[in-house]
Amino acid sequence: MTLLLLAEVLGAALLVTGSLIIGISGIGLVRLGDPFMRMHAATKSGVVGAGLVMLGAGLASGTVGGALTGMAGMVFLFFTAPVASHVLGRAAYIAGAPITPSTVQDALAGVLPRNVHDIDPARTVRRPRNRQGAAKETTMTAVQIRSDYAQSTGLMADPRAVRRITAWLVGGERQGEALGVAFDLARASGAALTGLSAIDPDAGYRREPVPAGGIYWAARLAGRRRQQMRTQAAEALADFERISAETGIAGKARHEEGPLDKALVALAGCDLVVTPAGTDRLGAPAAYRDEVAALAASARTGPVLRVSRRPISVSRVALLVDNSSHAQTLAQTFLHSGLYPHAEVTVIPLGQQAAERLAQEQVELLEAHGRRVLLAPPIGLSEDAKVMQERLQPFDLIAMTTLSDRVGWFSQIRESAHETAADTASLTLLL
């Protein structure tokens, strides 16, 4: 009887102690300054707090089996939770989770790779390293800007159709190539060239519900993202002005900061928008629908030229005619763009018979305007990506209505001709 009473008292004491530790850990999750400190508190709650509660419950049951079950659960927690916590902490460090300024020393600096663009400004920012140990550039300044802007052959743009060109400056790996094409076109057509950088101060700020303590870090990371965007915009504008001075092509720099509508309104005052491929408006790699090219095309203010690589010449152009409403004026809009008037045009219908009939009508329109044009066999919507790529490989520029036509579940399991074209061609023209 005495042993049973002692076990119940000890079990009650362990239950209270474990509950207090869990409560203190909960306060730590809300109040501590960074994910690593909060993870430390959560581990104490999961191992010590929960372990004591399990052991206390086993002793309070008054049976040998209950006590052994509680001890087994506590031992299991001691062996597994620290390993999981270590793996999560390592992943958070490599991913660049913010470190509070109260942390005096980073013991893992130089030991583990770390994405540090969003850490506190009190920390020393180190650029990511490549395999050779050299700092890896991520902005447009890493792209070598070629100076042979006058070497492109053939008439690139009709001066009567292209009077004002806007190069959207967002940074990224292809920004240098996009600037090269923009200066090529400006020199060939005599068009006025504007370098536009646009920053949305609210971009990336999370307004949806977040975990405890997350509102502070959401606002903090949004501020870091805004600062990163301003830095990239300043670098891009500086490079634009430098290339303008080196080539003797007068260019006007323009900076917009505010809601994105202001930038889209600025695009309405030009005949052509030139954007880098694979980059969103924050200067980061993006999916097709999130690219700055797709954003500019959604405004429907005019043609958008998406640049993956800067070609020396453009001799073959393809028009991808799908069954959308915008495809009905694809050839007409391409003719009005005035781009590459001496290039041979191939019209390629996508899929259905309706697209084939529409493609034939557009071939006749192009022929009526004196263009060299061919009607190619249709590309089936169920064809393999490799087959599509082989069909589209010969073309320097591919004009189409969208970067991606994936809508609904069924489209996710088949290849997209638009996405394949965007990956294959040096230039993509969104009309």
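This passage describes the fold of a predicted protein model, from the whole chain down to single residues.

The model is predicted, so local features need pLDDT of at least 70 and side-chain atom pairs count only at pLDDT 80 or more, while totals for chains, interfaces and linings use all residues. Residues are numbered from 1 along each chain as its sequence is written, and side-chain values use heavy atoms, with hydrogens and water left out.

The protein chain has eleven helices and ten strands. Helices (H or I, at least four residues) and strands (E, at least two) are DSSP runs, numbered from the N terminus. Of the 431 residues of the chain, 45% count as buried. Buried means under 20% relative accessible area, exposed means over 50%, and partly exposed lies in between (1.4 Å probe, protein chains only). Contact means heavy atoms within 4.5 Å. Among contacts between residues at least 6 apart in sequence, 74% join residues at least 24 apart.

Helix α1 spans residues 2–31 and holds Ala13. Ala13 is partly exposed, at 39% relative accessible area. Helices α2 (residues 35–60) and α3 (residues 64–95) pack with their axes 8 Å apart, at an angle of about 170°. Axes are lines fitted to C-alpha atoms, for helices over the stretch in contact, and angles run from 0 to 180 degrees between N-to-C directions. The two helices α2 and α3 are therefore roughly antiparallel. Angles under 35 degrees count as roughly parallel, over 145 as roughly antiparallel, 65 to 115 as roughly perpendicular and the rest as oblique. The residues of the contact of α2 with α3 comprise 18 nonpolar, nine polar and no charged. Here Ala, Val, Leu, Ile, Met, Phe, Trp, Tyr, Cys and Pro count as nonpolar, Asp, Glu, Lys and Arg as charged, and the others, Gly among them, as polar.

The ten strands of an open sheet follow the order β3-β2-β1-β4-β5-β10-β9-β6-β7-β8, with mixed pairing. Its edge strands, β3 (251–257) and β8 (373–375), each pair on one side only. On average, neighbouring strands are turned by 25° against each other, direction ignored. Two strands pair if DSSP finds at least two bridges between them. Strands of a sheet pair through backbone hydrogen bonds, either parallel or antiparallel.

Strand β1 is mostly covered, with four of its five residues buried. Five bridges pair β1 with β2 in the parallel sense. Arg164 has Ala192 as its bridge partner in β2. β1 (residues 164–168) also runs parallel to β4 (residues 272–276), joined by three bridges. There, Thr166 is partnered by Val273 of β4. Helix α4 (residues 175–189) packs on the sheet and touches β1, β2 (192–199), β4, β5 (304–307) and β10 (427–430). The direction of α4 makes about 170° with that of β1.

Further along the sheet, five of the six residues of β6 are buried, so β6 is largely enclosed by the rest of the structure. Six bridges link β6 to β7 (residues 344–349) in the parallel sense. Val317 stands opposite Val345 in β7. Helix α11 (residues 417–424) is likewise largely enclosed, because seven of its eight residues are buried. Among them are His418 and Glu419. The cover over the buried residues of α11 includes β5, β6 (316–321), α10 (385–392), β9 (397–400) and β10.

Several single residues complete the picture. Ser244 lies in helix α5 (residues 214–247) and is buried, at 10% relative accessible area. A polar atom of the Ser244 side chain lies 2.5 Å from the backbone oxygen of Ile249. Ser426 sits in the loop between α11 and β10. Ser426 is buried too, at 15% relative accessibility. Not counting residues up to four places away in sequence, Ser426 touches Arg306, Val307, Ser308, Arg309, Pro311 and Asp396.

Two loop residues have positive phi. Arg300, not a glycine, has a phi of about 55°. Arg300 lies in the loop between α7 (292–298) and β5 and is partly exposed, at 40%. Tyr340 has a phi near 45°. Tyr340 lies in the loop between α8 (330–337) and β7 and is buried, at 3% relative accessible area.

How values were computed:
Polar contact = N/O pair within 3.5 Å; in protein donor to acceptor, adjacent residues only side chain to side chain.
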